[in-house]
Amino acid sequence: MRLIVTGTGTGVGKTVVTAALAACASGEVAVVKPAQTGVRPGEDGDLAEVSRLSGIQDLHEFARYPDPLSPERAAVRSGLPALALDDAVQRILALDRELVLIEGAGGLLVRYADDGWTIADLACRLGTPAVVVTTAALGTLNATALTLEAMATRGIELAGLVIGSWPTVPGLAERCNVADLQAVAGVPLSGALPEGLPRMRDFAGRARASLAPWFGGTFERLVPEVVTYCDRCGKPGGHEVCVAARALEPPRYCAQCGRRMVVQITPGGWTARCVEHGERLSGA
């Protein structure tokens, strides 16, 4: 079996998700990075991190360029040959393993050579489904929808949608995006890796708890942590001082959510803001 690991952009957690998939897999596992950028000869790249986290030693890097750019542009700047699609396909097909994980560079449509081939083209040539790694933060819905639409138009099967880094204290956007991401994808989330996972002990155990059963894990669904915030100072929890001060303030309410706003008395009148929306009002 082969799986492409792509993402909605750079820095979404593809390498950690690749390591988690490798750690949860059974049987022989090989991990491929067709082109590594931003790393000089002799330096550790993404595959070294995958190996450190998962323990997998069957690693394959086909091309490497020092500049942190797209593989196409990095190859041009370095004067080194770009990786050819045919070469990548043949070398991957030669890997006779129970699972071959192929981690792309950047997002789905990042170019690898001047002929314009992308990880999407590689997925099509191999007939390989793709795991899409995304974020939970504001802006993820559009980026995820565009990635999934590009896959659908090319006939690339979605193997799973994984949040690459779920924050320890999720905000309003992250908590709402859990349901909205599943609506965009039309399928349940296939996992959510906790923020800071590469620094945690027992990577394999935490990876299993963060990935769905079809990836060898035990993850079923993400229940966003509900954090209550003081509606006066905006900090987590409730505070007696804020409650006492609140009783002396004139009430003002957010026009968007109807929530009572935080009011501050000033020499010239008052100012108010909504903790949830940031809406501000002022008056004499």
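Let me start with one cysteine. C254 has a relative accessibility of 3%, so C254 is buried. This is a predicted model, by the way. Where is the closest cysteine sulfur to that of C254? It is in C274, at 3.7 Å. A disulfide needs the two sulfurs within 2.5 Å. So C254 and C274 are too far apart for a bond.

One more cysteine, C176. Its relative accessible area is 38%, so C176 is partly exposed.

Now strand 5. It covers residues 130-134. How many of its residues are buried? Look at the side chains. A130, V132 and T134 point one way. V131 and V133 point the other way. Both sets are buried.

Who are the neighbours of strand 5? Take strand 1, residues 2-7. Strand 1 and strand 5 run parallel, joined by four bridges. Within that pairing, T6 stands opposite V132. Then take strand 6, residues 158-166. Strand 6 also runs parallel to strand 5, and five bridges join the two. Here V131 stands opposite G160.

So what connects to what? Between these strands, bring in helix 6, residues 140-154. Strand 5, helix 6 and strand 6 make up a β-α-β unit. Right-handed or left-handed? The unit is right-handed.

Next, a helix pair. Helix 4 is residues 85-93, and helix 5 is residues 119-126. The two pack with their axes 10 Å apart. The angle is about 50°. That makes helix 4 oblique to helix 5. As for handedness, the crossing of helix 4 and helix 5 is right-handed.

Buried or exposed? L122 has 0% relative accessibility, so it counts as buried. Now bring in D86. L122 and D86 are 36 residues apart along the chain. Their C-alpha atoms are separated by 8.9 Å.

To recap. Helix 4 and helix 5 cross in a right-handed way.

How values were computed. Residues numbered from 1 in each chain as written. Predicted model: local features only at pLDDT ≥ 70, side-chain atom pairs only at ≥ 80, totals over all residues. Heavy atoms only, no water. Buried < 20%, exposed > 50% of the residue type's maximum accessible area, 1.4 Å probe, protein only. Pairing = 2+ DSSP bridges. Right-handed = clockwise from strand over helix to strand, strands pointing away. Axes fitted to C-alpha atoms, helices over the stretch in contact; angles between N-to-C directions. Parallel < 35°, antiparallel > 145°, perpendicular 65-115°, else oblique. Left-handed = near helix turned anticlockwise from the far one by under 90°.
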